[in-house]
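Here is a short briefing on one protein model. Please look at the sequence and structure first, then read the points below.

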Amino acid sequence: MSAATKSSIILALWAATTTVLLQSSSCSAFSPSPLNRRTTTSLNLDGPDPGTKLVSNRKEIAFDGSRFFETGVEDEDCIPTQEYCLVDPNSGAPIRLSVEEKERMFLDALQSYYVSGRQVMDDSEFDALKEDLAWNGSEVVNLNRKEITYLEAMQAYIKGEPIMTDGEYDQLRDELRENGSSIAVDTEPKCYIESGVCTVTFQQDKFRNNLLYLPMLSIIGFLWLGIGYEILGGRVNPLVLTAFGAPVIGTVGKAITDTFIFPDNFVAYGPCPTCEAENRIYFGGILGVEGFDNEGKIKCKNCKSEVIVMKRSLRASTLPKN
């Protein structure tokens, strides 16, 4: 074997060895190492089987396989730990009340304490009711300074130690009623067991009161347009002419209505103190015929009860029972 042949064999063996080593290192570089392999561990939680019911704090809790939920509680059920509840005197079960019923109880408790000095519920129960209304966003629990002064004035008057004159009291009461205060306006009828008299506060019917001026305003308006058309010869748009004469039309129409057609007009409405059916009353005259002045008497169209309404205070009351 010549030297050239030996050299060729040695070069071939060296090339083959180098190729094997390169393939080996390439595979190991891109193959996952046992040290780098991620191991997973399954977390086994042994929970109750689906449909299982547990009892906790006298409440039944069910498990449906993914969540726990409380059973046996309907929408009308009241939970004393979460809201104010009224207790049934017969069964002792809690009764859920609406926000309107809670507001009525709150106002009754306030007025009974300040007006008659009678406490209808203890302090803890009153605080719980007030807190419940506050969480429900009721504005009844937020009394302003004038409403507190009004309640204090009523309490002082009952004790025989008035803190303001009758004129100041009437002015404060009228101001609160104009602002729609729930303290000065009793929109829900109240009945007194001792006398059998039921009372409620009426409200002014501004819509129907303003309708009384419509006939005369229409007549004056047509007269204004007719005279303007004759004088200007139709060169002015009627809408522009009406807008220009609106102050004159309103002033003249209102003056004629208040003086000749419906003098001292005032319309009020409210529920019947006995059956809560809506009734209306008109104070004032009609074309020279005198009507109710400071006090009016109507008969309920539903229960036929006689109701006396005071124009100034809008206080409506039934006659005392014999």
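Arg280 counts as partly exposed, at 35% relative accessibility. Buried here means under 20% relative accessible area, exposed means over 50%, and partly exposed lies in between (1.4 Å probe, protein chains only). The model is predicted: local features need pLDDT of at least 70, side-chain atom pairs count only at pLDDT 80 or more, and totals for chains, interfaces and linings use all residues. Residues are numbered from 1 along each chain as its sequence is written, and side-chain values use heavy atoms, with hydrogens and water left out.

**Overall**

- The protein has eight helices and 13 strands. These are DSSP runs, numbered from the N terminus: helices are H or I with at least four residues, strands are E with at least two.
- Of its 322 residues, 27% count as buried.
- The accessible surface comes to about 22,800 Å², and 56% of that belongs to carbon and sulfur atoms. Areas come from the Shrake-Rupley method with a 1.4 Å probe; for residues, only the protein chains shown count as cover.
- Among contacts with a separation of 6 or more, 46% join residues 24 or more positions apart. A contact means heavy atoms within 4.5 Å.

**Salt bridges**

- The whole structure holds six salt bridges. Each needs a side-chain nitrogen of Lys or Arg within 4 Å of a carboxyl oxygen of Asp or Glu.
- Arg280 pairs with Asp205 at 3.1 Å, N to O. This pair links distant parts of the chain, 75 residues apart: Asp205 sits in the loop between β8 (203–204) and α6 (206–211), Arg280 in strand β10 (residues 278–283).
- Asp205 is buried, with a relative accessible area of 5%.
- Arg280 also forms a salt bridge with Glu278, with the closest N and O atoms 2.9 Å apart. Glu278 is partly exposed at 38%.
- Asp205, Arg208, Glu278 and Arg280 are linked in a network of salt bridges.
- Lys254 forms a salt bridge with Asp258; their closest N and O atoms are 2.9 Å apart. Both lie in helix α8, four residues apart, so about one helical turn separates them.
- Lys254 is partly exposed at 45% relative accessibility. Asp258 is partly exposed too, at 24%.

**Helix α7**

- Helix α7 covers residues 214–232, which makes 19 residues. At 1.5 Å a residue, the helix should span 27 Å, and its end C-alpha atoms are 26 Å apart, which agrees. The expected span is 1.5 Å times one less than the number of residues.
- The buried residues of α7 are Met216, Ile220, Gly221 and Gly228. They cover an arc of only 135° around the axis, so they lie on the same side of α7. The arc is that of the directions from the helix axis to the C-beta atoms.
- The cover over these buried residues includes α8 (238–261).
- Exposed residues Phe222, Tyr229 and Glu230 sit on the face of α7 turned away from the buried side.
- Gly233 follows α7 and has a positive phi, near 70°.

**Nonpolar surface patch**

- Ile219, Leu223, Ile227, Ile231, Leu232, Val236 and Val240 form a nonpolar patch on the surface, with about 620 Å² of accessible area together.
- Patches take residues with over 30% relative accessible area and no salt bridge; like charges are joined within 9 Å, nonpolar side chains (Val, Leu, Ile, Met, Phe, Trp, Tyr) within 5 Å.
- Helix α7 gives the most to the patch, with five residues.
- Val240 lies in helix α8.
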